[in-house]
Amino acid sequence: MAAIATAPGRGAVGIVRVSGRSVQAIVEAVCGRPLKPREATYLPFRAADGTPIDQGLAIHFPAPNSYTGEDVLELQAHGGPVVLQLLLARCIEAGKAMGLRVAQPGEFTQRAFLNDKIDLAQAEAIADLIDASTEAAARSASRSLAGEFSREIGQLRDALVHLRMLVEATLDFPEEEIDFLQKADAQGQLERLQATLAGVQQRARQGALLREGIKVVIAGQPNAGKSSLLNALAGAELAIVTPIAGTTRDVVSQTIQIEGVPLHVIDTAGLRESDDPVEKIGIERAWAQIAQADAVLFLHDLTRASEASYAEGDRRLLAQLAAHVPNAVPVLSVWNKADTGHDVDVPAGELRLSARTGEGLQHLRARLLEVAGWQAAPEGVYIARERHLQALRRVDAHLMEAAAQLAAGNQLLDLLAEELRLAQNALSEITGAFSADDLLGVIFSSFCIGK
């Protein structure tokens, strides 16, 4: 397989990567001579008629000491799209006899996984490192790529296998007088296993938060200052701000970061009854965004808080919000325009700020991190995905059931053994030691071509 391994567009350098059982024929055809292993060689890249396509660096990585575990050839040329396409076409032509073809998305990394160069969690960390939107996310993905997450999963799995061995021994030799489980402190081993799992889950949740972030929707009546708040949080004039009610007609979004955690902040149209067909579409889109939010900032206008009709509108909208968002999604009440001098008592637990001056913004940022479930980022946080969290939750459930079976006595040891087996399978799904082929297809199809 072969592909352009650098991003589309123009650049100083572009890379064409080839991987297969043997790339020697392609080396001879494109480079004109053999290459020393793992040594960059500057030479012309030849077309079929011998004319140069470009000049650049060629590196040959013989199997198994390569990214994919196969023979790999990397051609580093000038980064023009036409040059790279010509070079890729030349490689495909030269490798036609050996069945060389254009790689599918993520196929290089998939072969690295299948050839035991990396496990599945490390393969996902490669994509997460490329896609990282914050420095903290990049560092966490780098730790996962280095194998920290996989090592913790491996240690859990080893402890689980040892416990399974004790249970299976008791089942296989029921006539023995020695109680293997009591002598080996199976109960204590299981409790320590659960405690270790809890720590891994906590770090994985933090890592998933670094990767995914949370979706925060700003809602409220027109002219409450929603667009001003988005601009203040983003530190840029992203949304149009005017004194005219209903200025925002569509969804405006921006990803910001707070302590390395990405927050996808969305400004929406003011919520009210309207006969304007364009504004009505904007309001419908606002409710659609609210329904998908991880947190909602409901903005009140301090300058109009004493108006009965405005206060009633806020109460009505808050009741509608309760019907539109799941119970687990927090709705934070934020009172804007604190710089205007209006002396209004804000209910306990609700925030007062000024989007114009920045007063209270730091408290809002801290509250958003609290709502997201973020804790001060320890160095041990590694990137994680939702499928990892789901697998760890299943492990936790199986271990809880195993503890119940162990407490019930020897007559239920077969059920205990089954729960431990299922827990081990769930753990193995994370690193790919136990996984379905369709799961692999979904994971690697999300990679970029050339990776």
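The legends below describe close-up views of a predicted model.

Residues are numbered from 1 along each chain as its sequence is written, and side-chain values use heavy atoms, with hydrogens and water left out. Because the model is predicted, local features need pLDDT of at least 70 and side-chain atom pairs count only at pLDDT 80 or more, whereas totals for chains, interfaces and linings use all residues.

**View 1. The aromatic pair of F149 and Y382.**
The structure holds one aromatic pair, where rings of Phe, Tyr and Trp (its six-membered ring) are taken to pair if their centres lie within 6.5 Å, and where planes under 30 degrees apart count as stacked, over 60 as edge-to-face and the rest as tilted. The ring centres of F149 and Y382 are 4.6 Å apart and their planes stand at 25°, so this pair is stacked. It links distant parts of the chain, since F149 belongs to helix α6 (residues 148-172) and Y382 to the loop between α12 (361-372) and α13 (386-408), 233 residues apart; helices (H or I, at least four residues) and strands (E, at least two) are DSSP runs, numbered from the N terminus. Both F149 and Y382 are buried, a word that stands for under 20% relative accessible area, with exposed meaning over 50% and partly exposed in between (1.4 Å probe, protein chains only).

**View 2. R17 and the rings of Y67 and F108.**
R17 lies over the face of Y67, at 5.5 Å from the ring centre, and the charged end of R17 also sits over the ring of F108, 5.4 Å from its centre. A charge is said to sit over a ring if NZ of Lys or CZ of Arg is within 6 Å of the ring centre and within 35 degrees of the ring normal.

**View 3. The crossing of helices α9 and α12.**
The axes of helix α9 (residues 226-234) and α12 come within 11 Å and cross at roughly 85°, which makes α9 roughly perpendicular to α12. Axes are lines fitted to C-alpha atoms, for helices over the stretch in contact, with angles that run from 0 to 180 degrees between N-to-C directions; angles under 35 degrees count as roughly parallel, over 145 as roughly antiparallel, 65 to 115 as roughly perpendicular and the rest as oblique. On the α9 side L229, A232 and L233 meet L361, L364 and R365 of α12, contact being heavy atoms within 4.5 Å. The residues of this contact divide into five nonpolar, no polar and one charged, with Ala, Val, Leu, Ile, Met, Phe, Trp, Tyr, Cys and Pro counted as nonpolar, Asp, Glu, Lys and Arg as charged, and the others, Gly among them, as polar.

I153 is placed in helix α6 and is buried, with a relative accessible area of 0%. Leaving aside neighbours within four places in sequence, I153 is in contact with V200, L392, L427, I430 and T431. V167 is also placed in helix α6 and counts as buried at 1% relative accessibility. With neighbours within four places in sequence again left aside, V167 is in contact with L181, L413, L416, A417 and L420.

**View 4. V371 in helix α12.**
V371 has its place in helix α12 and counts as partly exposed, at 26% relative accessibility. Not counting residues up to four places away in sequence, V371 touches A295, P330 and L332. The C-alpha atoms of V371 and A97, 274 residues apart along the chain, are separated by 58 Å.

The peptide bond from A63 to P64 is cis, with omega near 0°, and P64 lies in the loop between β4 (52-61) and β5 (71-79). N223, found in the loop between β6 (214-220) and α9, has phi near 65°, a positive value in a residue other than glycine, and counts as partly exposed at 29% relative accessibility. E259, in the loop between β7 (252-258) and β8 (261-267), has phi near 55°, likewise a positive value in a residue other than glycine, and is exposed, with a relative accessible area of 56%.
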